[in-house]
Amino acid sequence: MNILSNIGLSDLTALLIGTSSSFLLYLTLKQYLRLKPYRHIPHPKTYGPFRFFTGNLKELQSLKDDIGFSGLILKWFNELGPVFKVYFFGEIIVSVNGPEAVKKVTIELDLHKNDLTYNMLAFPYNERALGTGLVTEINKEKWKASRALFNHAFQRNVLKTFLDEFNEKSNLLMEKLRSKADGKTMVPMFPEINKLALDIISSVAFGFNNDSINQNENYLNKLIINLLEGINELLIDPLVQIKPGKFKMISEFKKSLKELREFSRNHINQRIKDLENKEHVPNDILTIIIKNYDGDSFEMEDLIDQFLTFFIAGQETTANSLAFAILELGRNPDAFLKLREEVDKYIGCKNYISLEDLANLEYTSCVFKETLRKWPPAPEFSRKTYKEIEINGVTIPKNTWIMCSPFISGHNPEYFPEPEEFKPERFLSGHEFSEKNLINSYTFFPFSLGPRNCIGQNFAKIEAKIFLAKFALNFDFQLNENQSYGLKELLTLRPKDGCQVYLTQRNS
Ligand code: HEM
């Protein structure tokens, strides 16, 4: 007789109940032990019948677009203070805030990047995307070697040699915008600025004329958009891979990634060949990298990772911040007039803006900084503790995912009174806040700090100031009142409705 037939229905039920209870007990114990070392760190209120497990998942899942993840953690910071944890299942993130904490994490302890977050950019859907590029390289020694190579290419004296490209691409965009400046055509500025940023990085970093500004739909632009969308989906929903409704998007993602890597490979190979044949090549960032290329330490796939990294890091962030800048200038016409007064005085009718001219544009710089304070495109960055550490008197265990937030700091009224107001003046030298040293590297850090700060910050500042100056010299504008001023927070922070304006050619 089969042994199972001897077991009655009630025995089976008892067995099932017993097994499930043991499993639940096991899960509870596991979660208890996981949370135990963090019990002393406050966390936001949790909701739902399984909140012991799901933690703060419910609030994270019901994020309002207008606030975004950054707005939510700002709310939690205001409720809980400088060090708090957020958790869902076994994942625990400790948010640390305040100048001392930021200095400790980024400089004094120089913590490693957190592999969990950066792996989603490096190898999303088990495909090689940004791979071991500069942003996503976790191994410190390998990262150091590539950073040393790139540092040279991003020095101001090297960037100076690319000013023609920065000017030329901005002029092209101004020309295109002039054709729409009838006061009636609604112009979505974000996609236009995005194309500008793509064309500049293509030309300055990789020496090719992408010309997306003059095209409605650009091949490279489309591939990059598909790539970012795929990564974004994964970041907000780790279960996306098993959802049939998302299969098409994932397949588009994989196809675009393959094409992008192929495009990069061909371009790099061509440049290597041209250099070997002593052909004339542009003295761009790619040439600098290849000339310094050490075959022992870099493979072609590594170079492709870097190529893609610069395309993405160099485009999204700057484009987002410039779209926010136009939105803020539209809502603060006095600031726009001051900026224009300055560019009229120092640039006037010059078509070419030099580094010396840029140095005179102090108010324009302040407008860019104030935009980055309110709307840092990379609103958080994460690190991992490699040993137990103490921050603000709070012990944080080894192997903890730590988060620092330029967004929280930028909205802290202690350093930035009336943080919701757009006041570029607070960054003027001699202003009471700069005098009191309230605004410093540890309260304002949109480009991060320490060894892993943004290598492209000078690049971004040049691009931003040239664009803003030329825009103010050429146009008057009104915002489309019907647009939302909310946030869209995916991989980066951007204006929800993409900054819609009506342009008119300026009456001088
Ligand atoms: C407004 C514009 C920009 C902002 C706000 C910004 C912000 C940042 C931040 C916060 C980081 C640190 C990220 C982290 O720790 O995970 C970073 C890293 C990086 N950024 Fe930017 N970025 C901007 C523009 C650019 C541009 C124009 C480029 C290239 C041309 C660039 C290339 C990079 C690279 C390669 C890294 C990684 C550096 C490393 O780890 O060594 N960024 N950026």
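Student: What makes Ala-323, Ile-326 and Leu-468 stand out in the largest nonpolar core?

Tutor: In this predicted model, these three touch the most other members of that core, which has 84 residues. Helix H14, spanning residues 300-331, supplies the largest share, with 16 residues.

Student: Which other nonpolar core is there, and what makes it count as separate?

Tutor: The second core has 29 residues, including Ile-73, Ile-93, Leu-111 and Ile-391. Members of one core are joined through C-beta atoms within 7 Å, and this set is listed as a separate core.

Student: Back to Leu-468, then. Which residues does Leu-468 touch beyond those up to four places away in sequence?

Tutor: Leu-468 touches Ala-325, Leu-339, Thr-364, Val-367 and Phe-368.

Student: Why is Cys-454 called partly exposed?

Tutor: A residue is buried if 20 or more other C-beta atoms lie within 10 Å, and exposed if 12 or fewer do. Cys-454 has 19, so Cys-454 is partly exposed. Cys-454 sits in the loop between helix H19 (432-435) and helix H20 (457-474). Apart from neighbours within four places in sequence, Cys-454 is in contact with Phe-447 and Ser-448.

Student: How do you know that Cys-454 is a "binding site"?

Tutor: That label comes from UniProt, where an unreviewed entry places the feature at Cys-454. Such annotations may be inferred rather than shown by experiment.

Student: And why does Asn-78 count as exposed?

Tutor: Asn-78, in helix H4 (residues 68-80), has 12 C-beta neighbours inside 10 Å. Exposed means 12 or fewer, so Asn-78 counts as exposed.

Student: How far is Asn-78 from Asn-412 in sequence and in space?

Tutor: They are 334 residues apart in sequence, and 9.0 Å apart in space, C-alpha to C-alpha.

Definitions and conventions: Residues numbered from 1 in each chain as written. Predicted model: local features only at pLDDT ≥ 70, side-chain atom pairs only at ≥ 80, totals over all residues. Helix = DSSP H or I, 4+ residues; strand = E, 2+ residues; numbered from the N terminus. Contact = placed C-beta atoms within 7 Å.
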